[in-house]
Amino acid sequence: MEVQTALVLTIQLIALFSIAGALLLYLLCKVRGTRDDATGTQKGSILITCADTALGLQICTFFASKGHRVFAGMKDPVESLPAKLLRGWMKMRENSDTPVSGSVVPMKIDVTREDVLREAAESMGAHLNAGERGILAVINTAGSVYRGRIDSQDSLQWENMFKNNVMGCLRTARAFIGLLRPTRGRLILLGSGNDDDGLTVFMATRNAVQGCADALRKELKPYGVNVVTLDSRGVPAESLFKAPVPYTISDEEGVPTQYSADVLTSSALGVIERALYDSRPSETYCLSVPNSKFQMKLPCRSSLKISASRADSKPIQTLLQKYQRVLTKAIANMEINEKGTWPPDTDSGTDNDELATRAPKRELLRSWLNRLFRIKMTDGRILSGYFVCTDADANVVLQATSEFTEIGGEERILGLVMIPGRYIVSIEERNPRFTW
């Protein structure tokens, strides 16, 4: 055999083996990827007892996007508006570039009827895969709220709130505890809420649910079932059980009506996710402030706490002194007339020293600089920070600000914020003047 012929045959054999090896590697990767998809997309099943509300819908879509099979409880799982919205959402996500890895199964659930709850538990068992022994969690979002003072409120509303909020919680626990024991799952309940005016009976039901959760936690501990409550302080009571909100993106005729189910912020949904996934869950998780029309854009969100005793506080003090000088100069240029009306009359021929003697209210503003104020807003939040400035619309700027959902509640550091005057309920000074 000639040398050239042998060389050609060798090259052909190498090419043939290379193609065969590449094909074999492709098939192995394909089989491995299919196996990973089959085992990784399903993260377990979760029951949301009431998806008729915007909150329930939001939680359903959130956990379905995370890869869970979500059983969505509804009083009418076929023709109701929430059922149609869920089907439309699933169809839209299936046709998108990033399809949903989980699924949503609408089911008829009414926490006030034990026969419906028993049927739902049996139906859920039929939907589980062969390897699934139970469900991961039951999140009870069912309930009702009626605002009003007890001297003018109908007692039927009281009975309805206790029937849905308290008895519904206990019925839910009894109906689905059999599906939580095999997986050592979790029962997640809505606990305490805002203590606002006109919510006396509602708060009584929420405190009763908190007591039920404490008792259930002790009773179910031997079975490995954790009972967790979600503290909804900062979330308006009506937002917990409101229906999806309709809106239109255009005033033109023929434009379909869309619906919004945005009740909780992404951070609040993350809190619920931690309540489900934490290996050692806390007894209570606090939800953050929800989306609302009162939510404002913060110019600065700093996690820095100011402390005069810190070794590295000198640069901070220099920066704040610079702000103080600029703001003092701005206040000196403000003109407030003797009646204190806004905006004032201008007089370009008067110097600042003369204006200072004629405008005691400007001196009052100057004296407020760096004083600690506590401001209560219309949505229940409380902001505590050091006064920087204000304007003609009564907007207030605070620095080194902390946010609380209630007096003595969990603190969240914000930094420099501007608070719209139309959302301010009250302002009070907390301590004598603070000096940097």
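Trainee: What makes residues 335-350 a stretch to read with care?
Mentor: pLDDT is the predictor's confidence in each residue, from 0 to 100, and over residues 335-350 it stays under 50. The model still has 26 contacts beyond four places in sequence for this stretch, a contact being heavy atoms within 4.5 Å. This is a predicted model, where local features need pLDDT of at least 70, side-chain atom pairs count only at pLDDT 80 or more, and totals for chains, interfaces and linings use all residues. Residues are numbered from 1 along each chain as its sequence is written, and side-chain values use heavy atoms, leaving out hydrogens and water.

Trainee: Where in the chain is confidence lowest, and where is it highest?
Mentor: Helix 10 (residues 352-358) is lowest, at a mean of 50, while strand 4 (residues 137-140) is highest, at 95. Helices (H or I, at least four residues) and strands (E, at least two) are DSSP runs, numbered from the N terminus. For the chain, the mean pLDDT is 77, with 75% of residues at 70 or more. Residues 289-316 are another stretch below 50, with 56 contacts beyond near neighbours in sequence.

Trainee: How do you know that helix 8 has the span expected of a helix?
Mentor: The expected span is 1.5 Å times one less than the number of residues. Helix 8 (residues 266-277) has 12 residues and reaches 16 Å from first C-alpha to last, close to the 16 Å expected.

Trainee: What makes a set of residues a nonpolar core?
Mentor: Its members are buried Ala, Val, Leu, Ile, Met, Phe, Trp, Tyr and Cys residues joined through side-chain atoms within 4.5 Å. The largest such core has 46 residues, and Ile272 and Phe202 are among those with the most contacts inside it. Its largest share, eight residues, comes from helix 2 (residues 54-65). A second, separate core of 28 residues includes Leu128 and Val209.

Trainee: How do you know that strand 1 and strand 2 pair?
Mentor: Pairing takes at least two bridges found by DSSP; strand 1 and strand 2 (residues 69-74) are joined by four and run parallel, so they qualify. Isoleucine 48, for one, has alanine 72 in strand 2 as its bridge partner.

Definitions and conventions. Buried means under 20% relative accessible area, exposed over 50%, partly exposed in between (1.4 Å probe, protein chains only).
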